[in-house]
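Good morning, and thank you for coming.

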Amino acid sequence: GLGWCGTRLCTIFFVFGGHTPPLVVPWGSLGIGFGMAVGLCFLAGIIPAAMAARSEPLRFMQEGRLAV
């Protein structure tokens, strides 16, 4: 978005003669990147969640991790 706005400013004030290039958003590539980010976050959260699910709640209370 910032790149397109910068190009627009250049077309208004400089040598391009007022011709603004079209804004083309590569939705397919953005979707793949978004899916990879969600997948990576999901994988990063599985191990701590599994460890917390297998632990006894009494251990957390004894260690003081449930205190606010």
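**Overall make-up**

Of the 68 residues in the protein, 4% are buried, where buried means under 20% relative accessible area, exposed over 50%, and partly exposed in between (1.4 Å probe, protein chains only). Please keep in mind that this is a predicted model, in which local features need pLDDT of at least 70, side-chain atom pairs count only at pLDDT 80 or more, and totals for chains, interfaces and linings use all residues. Residues are numbered from 1 along each chain as its sequence is written, and side-chain values use heavy atoms, with hydrogens and water left out.

The protein contains three helices and zero strands, in the order α-α-α from the N terminus. Helices (H or I, at least four residues) and strands (E, at least two) are DSSP runs, numbered from the N terminus. The accessible surface is about 6,100 Å², with 74% of it belonging to carbon and sulfur atoms; such areas come from the Shrake-Rupley method with a 1.4 Å probe, and for residues only the protein chains shown count as cover.

How confident is the predictor? The average pLDDT, a confidence for each residue from 0 to 100, is 81 for the protein, and 84% of the residues score at least 70. Confidence is highest in α2, at 93, and lowest in helix α3 (residues 57-63), at a mean of 75.

Let us turn to helix α2. This helix covers residues 27-54, and its 28 residues reach 40 Å from first C-alpha to last, close to the expected 40 Å; the expected span is 1.5 Å times one less than the number of residues. Among the 28 residues of α2, the count of buried ones is zero.

Finally, helix α1 comprises residues 2-13 and includes Trp4. Trp4 counts as partly exposed because its relative accessibility is 33%. Arg8 also lies in helix α1, and is partly exposed at 34%. Between Arg8 and Pro22 there are 14 residues in sequence and 9.9 Å in space, C-alpha to C-alpha.

Note on methods. pLDDT is the predictor's confidence in each residue, from 0 to 100.
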